[in-house]
Amino acid sequence: MKRPRLKEIVINRDWCKGCGLCIHFCPHCVLEEDAEGKAWAAHPERCTCCRLCELQCPELATEIIIEE
Amino acid sequence: MEERVVFVQGNGACVEGALYAGLGFFAGYPITPSTEIAEILAARLPRQGGRFIQMEDEIASMCAIIGGSLTGHKVMTATSGPGFSLMQESLGYAIMAEIPCVIVNVQRGGPSTGNPTHVGQGDVNQARWGTHGDHSIITLSASTHQDLFAMTVHAFNMAETYRTPVILLLDEVIGHMREKLVIPEAGVLPVVDRLRTAVKRGVDYHPYLPREDGRLPMSDFGGDHRYNVTGLYHDMWGFPSSNPKVVGSLLNHLVEKIETSVHDITRYKERYLDDAEVVLLSFGSAARSALHTVENRRRRGDKLGYFELQSIWPFPSGLVREKLRKARRIVVVEMNKGQVTAQVKAAVEKPERVFLANRIDGELISPTNIATILRIIQGKGV
Amino acid sequence: MGTRDFIRERFFPHMWCPGCGHGTVLNCLIRAVESLGLDKSQIVMASGIGCSARISGYVDFHSLHTLHGRALAFATGVKFSQPALTLIVPMGDGDALAIGGNHFIHAARRNIDVTAIVMNNRTYGMTGGQYSPMSLMGDCGTTAPMGTLERPFDAVKLATAAGATFVARTTTYHAREGISILKRAIAHKGFSMVEFLSQCPTQYGRRNGLADAPSMLEYFKTHTVPIGSEKAQEDPNILERGIFVDEDRPEYCESYAAMVQKMAPSSGDGGAL
C-alpha cells in the first residue's frame, strides 16, 4: 500500500479546547501548542498520516487530508 | 369484526377496549390485581400484529411503552398501587416529552403492600400529583364493564388528541368481577388515530410546535425526520433549553393543553338530578353501590340523585358546581379518606353541604353502609 | 457522506470539558457508523442522564435522551416495537451499572439486539465527581474523600454472566481498536456491550493523581493489555482489552417474530379469559 502523502492538517480552532492530547501523543511531534493553548501543525513535513490525532481528538477538531 | 357479546372480568373488558382502540404494544409486569390484563394481552396481541413484552419491573415497563409510542404504536401498561408508584418518574417524562400512552392502575388497598387482593380507591391524588413538578394529567374511571370498554377507548383517544399519558383508574372489584360486555362493531365507537406530520423529508419539522388547532403532529422514529426527545425543557425541535421564555411557555403549554379542554375530556353519568335533594357522587366500583342506593330510595319516594365521575382529572369543577347546585346535601361515596370529597368541596359554593360516605377496610362499600351513613348525615342517628 | 454528516454540527463545540474522553467515544462511534454505511434515519440513539448522555444530542440520528439509568428500558421498547431500527445506547458507568443495573442485566439476558456502550470514567462527572460502582477501590471522589471502600464491577464478566452475546472492552487511547470494536458491536445481532474506558480529567483525574487528559491516556496505555497477555494475570490493576464474547444466540425480536408465525391468527374466539 503506497504510503499516504499529507495534503493538509486541518485543525478547527473554534472546536479545539487545548487539551494537549494530540500534541502529547503524536509519534512524530508534528503538533505544538500556540499562544492560545490550541494545537497547530508546527512540523507538517514530519506527518506520516497515521491519523492518531484525528481519531483521538475529543473535539472532532482535527482532520488529516491526504493526497488522492 | 362484527358485534360480539362476552362474559369477562373488568380487566378483560379493559383489554377489549384497548384492542378496539388499536393497541399495538404493551409492556407490563405482574402485580395483583392487574396481572390478568398482561396475561390476556400476552395471548391476544401477537395474534393481531401487536407486541407484548414482560419487563423486569414497572419502571422498565413504563419506559418501554414510551419507546414503543415513539415508533408510532398505540401503547399501554397496566399495574396497581406499588407499581404505579414506581412509574411516576417516567410518567413525568411522558408528560414533558408529550408521549401518547395509557397507564391502567387497578387500585388495591394502599399504602405500601397494603391489601393486595382487596379493593381501595386511595390512588386518586397520586394519579394527579404522583410525579413531581407542575403538570396536568387526564385520569378516567368506570363502574361497569360496558363503560370501562368505552372509557378505555376514550383514554386512547385523549392520549392521541392531547399527546399525553392518560391514567385509567380502576379498582380490584371492577378488575376482577365478571359481567356481560357487548363489544361493538369496528367504527361504532370513534377512534382517534395517531396524527403524523405531513412535512416532507428534508423540510424542517418541529416536533414541539403546536398547530393552530393545538395538535402536535408526530413523526415516527425510523421515519423521515431525525429530531430529539428529552425530559429536559426543550425548544420546538426537541433540543434542551433552559431559556426562561422557552421554559415558561412550555410548562404553560403542558398544563393548559389539558386544563383548557376539560369540556372535551370530561365524561360523567347522572340520574334524577332535576329534583334531587341529596346527591350521591361516586366513581368506580363504589358508584355501583351508590346507584343501587339511589334506585332503592327513589322507589320509596326519596329524592336522591346520582352523579358518577368517569373523568376524575382534570377535575370538572364547573360541571360539578352546576349539576349539584340545587342539592341540599352532596354525599361523596368513595373508598378512601376523602380524596374526591376534597375536590367537590373546593368546587361547590357551599362546601358545608358536602359529606363523605366511605369505607376503607378493604371491603366494597355496600348500599347498607351508605344507608347507615346517610342516616347519620341526616341526623337521624344510627 | 463524511464523518461530519453524522453529527449535528450546529451544537459544536460540544459541552464536554477539554480533554474529556466522551468526545473521543463520539468520534469513534460516528466513524464506526460511517464505515458500516448505515442509514441515519434507521438509527435510534437512546442515552440516559449525565455527561455521557449528552452524546445523543450531538449525533444526527433519531435521538432519545431518557432518564438516569433507564436508557436500555426505553431502547427495548423502541427496538422491540420496531425491530428494523438500529439501537445504540451509550451510558455512563453510574447510569448503566448503578441505577441502571437492573435494566442492564435484563437487556443482556433477553439478548435483544441493542448496542450498549458503557462510557466508563469511574465517576459521576455531571454532578461533580462522586465515586461510582466502577471507581477502583481506594479511588477518591467527593463522596469518598478518604477513598472508596468498594470494589468496582467487572463489567465484562457482569455482562457475560447476564447473557450478553457480544462483550468487549477498549479505551479512548486505543481509538482505532475502539472504532473496529464498535463496528462489530453494532453489526452484531444480539445484545452487545462495549465498556469504553473514557478519561475524566476534571472530576476523576484531578482527585486521583491524573490531573490532565494526556496522563489519563498514558494510564490507559500502560494499564490495559490485549486479552490473554501475561501482564493481566500478574497484576490485578491491569485490565484486558478486546472482544471477550462474540457468539450467536437467538435474538429476542427474531424469536418473537418466529413465535408469532407459529400462532394461529386471532379467530375472535370470544377473546378474554
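This is a predicted model: local features need pLDDT of at least 70, side-chain atom pairs count only at pLDDT 80 or more; totals for chains, interfaces and linings use all residues.
Let's start with β8(B), which spans residues 178–183. Its covered face holds B:E179, B:L181 and B:I183, while B:R178, B:K180 and B:V182 sit on the uncovered one.

The partner here is β1(B), residues 4–9, which runs antiparallel to β8(B) and is joined to it by 6 bridges. Within this pairing, B:V6 stands opposite B:L181, a residue on the covered face of β8(B).

In contact terms, 33 residues of domain 1 of chain B meet 26 residues of domain 2 of chain B.

Together the two domains bury about 2,300 Å², with carbon and sulfur atoms giving 54% of that area. On the domain 1 side, B:Q121, B:V124 and B:S143 supply 26% of the area buried against domain 2, more than any other three residues.

## Polar links across the interface

The count between the two domains is 2 salt bridges. B:K269 forms a salt bridge with B:D147, and the closest N and O atoms of that pair are 2.9 Å apart. Counting polar contacts across the interface gives 20 residue pairs.

Which elements of domain 1 give two or more residues to the side that touches domain 2? They include α6 (124–129), α7 (145–162) and β7 (165–171) of chain B. α6(B) gives the most, with 4 residues.

Definitions and conventions: Residues are numbered from 1 along each chain as its sequence is written. Chains are lettered from A and ligands numbered from 1 in the order in which they are written. Side-chain values use heavy atoms; hydrogens and water are left out. Buried means under 20% relative accessible area, exposed over 50%, partly exposed in between (1.4 Å probe, protein chains only). Two strands pair if DSSP finds at least two bridges between them. Contact means heavy atoms within 4.5 Å. Buried area is the accessible area (1.4 Å probe) that two parts lose on being put together, summed over both. A salt bridge is a side-chain nitrogen of Lys or Arg within 4 Å of a carboxyl oxygen of Asp or Glu. A polar contact is a pair of N or O atoms within 3.5 Å; within protein, one must be able to donate a hydrogen and the other to accept it, and residues adjacent in sequence count only if both atoms are side-chain atoms.
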